[in-house]
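Colleague: I'm new to this one, so please walk me through it slowly.

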Amino acid sequence: MNKPLSEVLFDPAKWTQGEFARDIHDKRISPSSSLAYCYCLLGALAVSLNCDVDTINDTPYKCKREEKTLLLTVIKQLVADGKTSHPSKRAFHSIEAFNDHPHTTFEDIKKVAAEYDSNMQCSNS
């Protein structure tokens, strides 16, 4: 059963940059680990969709392509509409680039997660 992305990233302490997931000691860990404490957007997406993670060669998660595409589309739209803290309306080409950008804030992450969840609800109706 899937859980909303906004439920995975409900608090600033649950979000990270630079790694897909970290434990409570700030060490890199697989998002699927029971010891994972915080996640980047892509790691949180894997958790929300209960996807398998390929941690051996650090490739992105084996989530359904449609969900990853939708998440990136939401990011591009919010940035283009000026609804994030990014000073330019730069087009991001990956979820990781947006997540790890120095201008990305937790408020941006919350907006993206909420919009993604809303779009998922609409597509599942």
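Modeller: Helices (H or I, at least four residues) and strands (E, at least two) are runs from DSSP, and they are numbered from the N terminus. With that in place, D26 can be located in the loop that lies between β1, residues 21-22, and β2.

Colleague: Before we go on, what kind of model is this?

Modeller: The model is predicted, so local features need a pLDDT of at least 70 and side-chain atom pairs count only at pLDDT 80 or more, while totals for chains, interfaces and linings use all residues. Residues are numbered from 1 along each chain as its sequence is written, and side-chain values use heavy atoms, leaving out hydrogens and water.

Colleague: Okay, back to that loop. What is the phi of D26?

Modeller: Phi of D26 is near 70°, which is a positive value in a residue that is not glycine. H25 lies in the loop between β1 and β2 as well.

Colleague: And H25, buried or exposed?

Modeller: H25 counts as exposed because its relative accessible area is 59%, where exposed means over 50%, buried means under 20% and partly exposed is in between, with a 1.4 Å probe and protein chains only. H25 and A36 are 11 residues apart in sequence, and the distance between them from C-alpha to C-alpha is 9.9 Å.

Colleague: Zooming out, how many helices and strands does the chain have?

Modeller: There are 5 helices and 2 strands in the chain, and along the sequence they come in the pattern α-β-β-α-α-α-α. The chain has 125 residues, of which 42% count as buried. If you take the contacts (heavy atoms within 4.5 Å) in the chain with a separation of 6 or more, 46% of them are between residues 24 or more positions apart.

Colleague: Let's talk about α2. How many of its residues are buried?

Modeller: Helix α2 is mostly covered, with 8 of its 9 residues buried. The buried residues of α2 are L41, L42, G43, A44, L45, A46, S48 and L49.

Colleague: What covers the buried residues of α2?

Modeller: The cover includes α1 (5-8), β2 (38-39), α3, α4 (95-100) and α5 (106-124). Just after α2 the chain reaches N50, which takes a positive phi of about 55°.

Colleague: You listed α3 in that cover. At what angle do α2 and α3 pack?

Modeller: Helix α2 (residues 41-49) and helix α3 (residues 65-80) pack at about 135°, and their axes are 11 Å apart. The axes are lines fitted to C-alpha atoms, for helices over the stretch in contact, and the angles run from 0 to 180 degrees between N-to-C directions. This angle makes α2 oblique to α3, given that under 35 degrees is roughly parallel, over 145 roughly antiparallel, 65 to 115 roughly perpendicular and the rest oblique. From α2 the contact is made by L41, L42, L45 and L49, and from α3 it is made by E67, K68, L71 and I75.

Colleague: And how do α3 and α5 pack, at what angle?

Modeller: Helices α3 and α5 pack at an angle of about 125°, with 9 Å between their axes, and that makes α3 oblique to α5. On the α3 side the contact is made by E67, L70, L71, V74, I75 and L78, and on the α5 side by K111, V112, E115, Y116, N119 and M120.

Colleague: L71 turned up there. Which residues does L71 touch?

Modeller: Leaving out residues up to four places away in sequence, L71 touches L5, L41, L45, I95, V112 and Y116. L71 is a residue of helix α3, and it counts as buried because its relative accessibility is 0%. The C-alpha atoms of L71 and I95 are separated by 7.4 Å, although the two residues are 24 apart along the chain.

Colleague: How far apart are S6 and A44 in space?

Modeller: S6 and A44 are 8.9 Å apart from C-alpha to C-alpha, while in sequence they are 38 residues apart. A44 is also among the buried residues of α2.
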